[in-house]
Amino acid sequence: MTSKAENLAALRIETPPATLREIALERMRGAIISGIFEPGERLVERTLCEQLGVSRSVIREVIRHLEAEGLVEMLPKQGPIVARLSWNDARQIYDIRAVLEATAVADCARKADVNVKAQLARALDELDRTSRENSPAGILAATTEFYKIIFQSSGHNIAWEIVSRLNSRISRLRVMTLSTANRTVSGPAQIRKIFAAIERNDAEAAAAACRAHVSSAAAIAQSLLESGEQSPSVR
């Protein structure tokens, strides 16, 4: 027979159900990142209400949140549109990534124990699997998990907060570069080099591999944005 304490413990809600606003926000964010809603496209409240099956108040909350994330911009007399990407903005994001990620990767390599290496290996296995399946959403999730482990295990929690605030725009750039030929192969291969250096506890090599990976992604993004290609292939 279970005790009263056990019965009371069973009442606790460990994972609260997502609210309608949270679900709508996740769907809209995913649609913008994947390119279903294209850069410059107007976001009409009435249409979005019909498409998502939610009220205007929910849509307005979602749009405000997405504006704060840099995925939506408000135009005078026109209302919200999907934010356009510019190379100037993207360059700054890649510059921030290069500094924060390379430093975190180096410290992770210095500190990484068997447990951290195992966690990173699992995240990489998932990245390889989703890359073979050509799943941008899966690749984003696995890549984010890989870097989250690195930042947290290295003790770079404030840096991870900064990266997390930029994550929507980082993800948008990642999906855009993934739509280019061979990036679903070259990207994970470059991340494998980062992991290999961490596995050897070689901080200098890990940081160099990280900077090379970010530089490669930035070069692809620059080429696409300066040629006017902003939307990824929707898959």
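A salt bridge here is a side-chain nitrogen of Lys or Arg within 4 Å of a carboxyl oxygen of Asp or Glu. Lys and Arg count as positive, Asp and Glu as negative; His and the chain ends are not counted. Buried means under 20% relative accessible area, exposed over 50%, and partly exposed in between (1.4 Å probe, protein chains only).

This is a predicted model: local features need pLDDT of at least 70, side-chain atom pairs count only at pLDDT 80 or more, and totals for chains, interfaces and linings use all residues. Residues are numbered from 1 along each chain as its sequence is written, and side-chain values use heavy atoms, with hydrogens and water left out.

**Confidence and fold**

pLDDT is the predictor's confidence in each residue, from 0 to 100. The chain averages 89, and 89% of the residues score at least 70. Helix H5 (residues 87–111) has the highest mean, 97. Helix H1 (residues 4–9) has the lowest, 59. Where pLDDT is low, the predicted coordinates should not be read in detail.

The chain has 11 helices and 2 strands. Both element types are DSSP runs numbered from the N terminus: helices are H or I with at least four residues, strands are E with at least two. The order along the sequence is α-α-α-α-β-β-α-α-α-α-α-α-α. Of the 235 residues, 43% count as buried. Contact means heavy atoms within 4.5 Å. Among contacts with a separation of 6 or more, 74% join residues 24 or more positions apart.

Arg-172 is found in helix H9 (residues 167–178). Arg-174 lies in helix H9 too. Arg-172 is buried and has no salt bridge; Glu-73, the nearest side chain of opposite charge, is 7.2 Å away. Its contacts include Ile-32, Ile-33, Leu-71 and Val-82, not counting residues up to four places away in sequence.

Arg-174 is also buried without a salt bridge, and its nearest side chain of opposite charge, Glu-101, is 4.3 Å away. Beyond four places in sequence, Arg-174 touches Arg-97, Glu-101, Leu-140, Thr-143, Thr-144 and Tyr-147.

**Salt bridges**

Side chains of opposite charge can pair when their charged atoms come close. The whole structure holds 12 salt bridges. Three of them are tabulated.

| Glu-61 | Arg-21 | 3.7 Å |

Glu-69 counts as buried because its relative accessibility is 11%. Arg-29, at 22%, is partly exposed. Elsewhere, salt bridges that share partners join Glu-45, Arg-56 and Arg-60 into one network.

**Positive phi and cysteines**

Most residues other than glycine have a negative phi, and most peptide bonds are trans. Lys-77 has a positive phi, near 65 degrees. Lys-77 lies in the loop between strand S1 (72–75) and strand S2 (79–82). With a relative accessible area of 91%, Lys-77 is exposed. Asn-201 has a positive phi near 60 degrees. Asn-201 belongs to the loop between helix H10 (183–199) and helix H11 (203–226). At 33%, Asn-201 is partly exposed.

There are 0 disulfides, a disulfide being a pair of cysteine sulfur atoms within 2.5 Å. Cys-108 is buried at 1% relative accessibility, and Cys-210 is buried at 0%.
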